[in-house]
Amino acid sequence: MMPTRLLLLLCLIGPVFAIEAPDVDCLIINLKNVSCTWNKKGTPKVNYTFYSSFFNKKEKSCPQYLTENNMNIGCIQPCESHDRFMTFNTRLVHGKDRFKETHGLKNRVKLNPPTNLTVLNGSDFNLWFYWNHTSPARLHCVESEVRFRTNNNNWGSSKVSPEIQKYCINSPSGSSRYELQVRNRIDDSCGSSDFWSDWSEPVFWGSNSSIDSDSVPLWMTLLYVVGAITLILLVVMLLQRERLKIILIPAVPKPSPILHDIEDWFQLSKGLKENFKASYNEQVCPVREYNYVSQSDSMNSDDSTSSVSTNQTHCSVSIDVNDAEDLYVPLSSSSSQVPSEEVLQVSD
Amino acid sequence: MKLIVFCLFTIYCCSLVKASPMERKKLQEVLRELKMLKRDFPNTELMMNTPPKDIEDCCCLTALTCFRETLLQQFGISGKYQKKLYKSLNHTLTISGLNFCNTETSTTNCSTCHSHPKEKASEFFNRLESLVQRGLSRIN
């Protein structure tokens, strides 16, 4: 009974005193080195000895430890560029404790940032950026990403296909300041890496005296203030001066089905209105119609001459008499008599 | 006679120079066809003889043959993408592009296809993809 209880107690207490298995995390740096750390859960309490190997290669101890507070927390060792396609075995040893792990590192690659980032003003008046990468990866295996901004505004980014190590900004403004950075990673066709490299050192182009977007020049501020004051004054004047209001904002006549006096549509002064009214009178001129009377009839009534009579109180009409025998007599009686040989003149 | 030999030698050298970009294009084509087949493959749980994750340099061509023959046995060449992929895996440029073996130092004995344990179809395609990517990362 006693040994059983003791055993049970040991089983319960044992895990409390056992060392927690460290979690080894490995990353291939620039396809040249493997960096493994085991301090994800905190600085380890004991100093481990680290051994590792890629598939079918001899196991090696760590050539260079990473330390923190005098405790080993990681290891860096060299590797070949195509080793990442093989399983990576690690072993941490401390006394009788041995912790083995296997890792697949094909996608766990972080390249160094691109170098020699330069800018050139091309003959086509475009801005060309060029860079290099330092890893042993083939050019068709490296894809890049650029980010750029103008005058310290927000960043814009763009992906660059593998094998291409240049980027173009079309028709740059001469008064703006351009800044560009590049980063890269292994392309999908060669087993894409999960991590982008750090951004490269920035490169600049353009005027150093470019206006900062956050500050506004003094003259522009004054211009805005003067413009606002002018606008307010104009509004006040419009409200106060009716005449100015009429000139600047003429009333638009409202179309109506009922026809009004067209003179009312125009805002005319009284004097101008009076001038439109007519102030002259014209007397009516009555015009009479004359009947044709043959000479024989007229001779029966009067031997001397035929007579034509008309009222010539206000009017006179000119008529050419070609034939003396063809004469016209007014239908109504008249007060005057005119000889037939004479040309009759009637005027209005 | 000397001129003819010189011309033939020049042509041979030029063919060697051009081979790498053609091999690269061929392997990229294999990757595209594999992606299309993976996308449309209905039964990813199907079990198939699959070469291991870790393939030695001198066993890559043996593994390629295993992938190709397993593809033929399991799916035939009736489907559009199966047929294309099978033809590409059988192409001389694919074979030369995946030949990493330095025959002078090779002492490797490679496992036969039937000796490989069966894995799911998804794992089968992932390992084939990894083999092609390995080839592309080594080609100039």
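**Group meeting: how chains A and B are held together**

Let me start at the contact between the chains. Lys35(B) and Asp188(A) pair through their side chains in a salt bridge, 2.5 Å from N to O. Keep in mind that this is a predicted model. In general, side chains of opposite charge can pair when their charged atoms come close. Across the interface of chain B and chain A there are two salt bridges. There are also ten residue pairs in polar contact across the interface of chain B and chain A.

Which helix gives the most to the side of chain B that touches chain A? H5(B) does, with six residues. H1 and H5 of chain B each supply at least two residues of that side. By type, the side of chain B that touches chain A has seven charged, four polar and four nonpolar residues.

Now the extent of the contact. It takes 16 residues from chain A and 15 residues from chain B. Together the two chains bury about 1,500 Å², with 46% of it on carbon and sulfur atoms. On the chain B side, the residues that lose the most area to chain A are Asp54(B), Gln133(B) and Ser137(B). Together they make up 36% of what that side buries.

Next, salt bridges in general. Over all chains, the structure holds 20. Take one inside chain A. Asp198(A) and Lys110(A) meet at 3.3 Å, N to O. Lys110(A) is in strand S9, while Asp198(A) is in the loop between strands S15 and S16, so the pair ties together parts 88 residues apart in sequence. Asp198(A) is partly exposed, at 45% relative accessible area. Lys110(A) is partly exposed too, at 26%. Chain A also has a network of salt bridges linking Lys57(A), Glu80(A) and Asp83(A).

Over to chain B. Arg134(B) forms a salt bridge with Asp57(B), with the closest N and O atoms 2.6 Å apart. Arg134(B) sits in helix H5, and Asp57(B) in the loop between strand S1 and helix H2, 77 residues apart. Is Arg134(B) buried or exposed? Buried, with a relative accessible area of 4%. Asp57(B) is partly exposed, at 25%.

Here is a local pair. Lys26(B) bridges to Glu29(B) at 3.4 Å. Both are in helix H1 of chain B, three residues apart, or about one helical turn. Lys26(B) is buried, at 12%, and Glu29(B) is partly exposed, at 26%.

Last topic: cysteines. How many disulfides does the structure hold over all chains? Six. In chain B the pattern is 1-4, 2-5, 3-6, counting bonded cysteines along the chain.

One link joins Cys58(B) to Cys101(B), S to S 1.9 Å. That link is right-handed, with 85° about the S-S bond. Cys58(B) is in the loop between S1 and H2, and Cys101(B) in the loop between H4 and S2, so parts 43 residues apart in sequence are tied together.

Another joins Cys59(B) and Cys110(B), with sulfur atoms 2.0 Å apart. Its torsion is about -90°, so this disulfide is left-handed.

Then there is Cys66(B) with Cys113(B), at 1.9 Å. The torsion here is about 70°, so the disulfide is right-handed. Cys66(B) is in helix H2 and Cys113(B) in the loop between H4 and S2, so the pair ties together parts 47 residues apart in sequence.

One more cysteine to finish. Cys79(A) has its closest cysteine sulfur, in Cys36(A), 9.9 Å away, too far for a bond. Cys79(A) is buried, at 14% relative accessibility.

How values were computed. Residues numbered from 1 in each chain as written. Chains lettered and ligands numbered in written order. Predicted model: local features only at pLDDT ≥ 70, side-chain atom pairs only at ≥ 80, totals over all residues. Heavy atoms only, no water. Salt bridge = Lys/Arg side-chain N within 4 Å of Asp/Glu carboxyl O. Helix = DSSP H or I, 4+ residues; strand = E, 2+ residues; numbered from the N terminus. Buried < 20%, exposed > 50% of the residue type's maximum accessible area, 1.4 Å probe, protein only. Contact = heavy atoms within 4.5 Å. Buried area = accessible area lost by both parts, 1.4 Å probe. Polar contact = N/O pair within 3.5 Å; in protein donor to acceptor, adjacent residues only side chain to side chain. Nonpolar A, V, L, I, M, F, W, Y, C, P; charged D, E, K, R; others polar. Disulfide = S-S within 2.5 Å.
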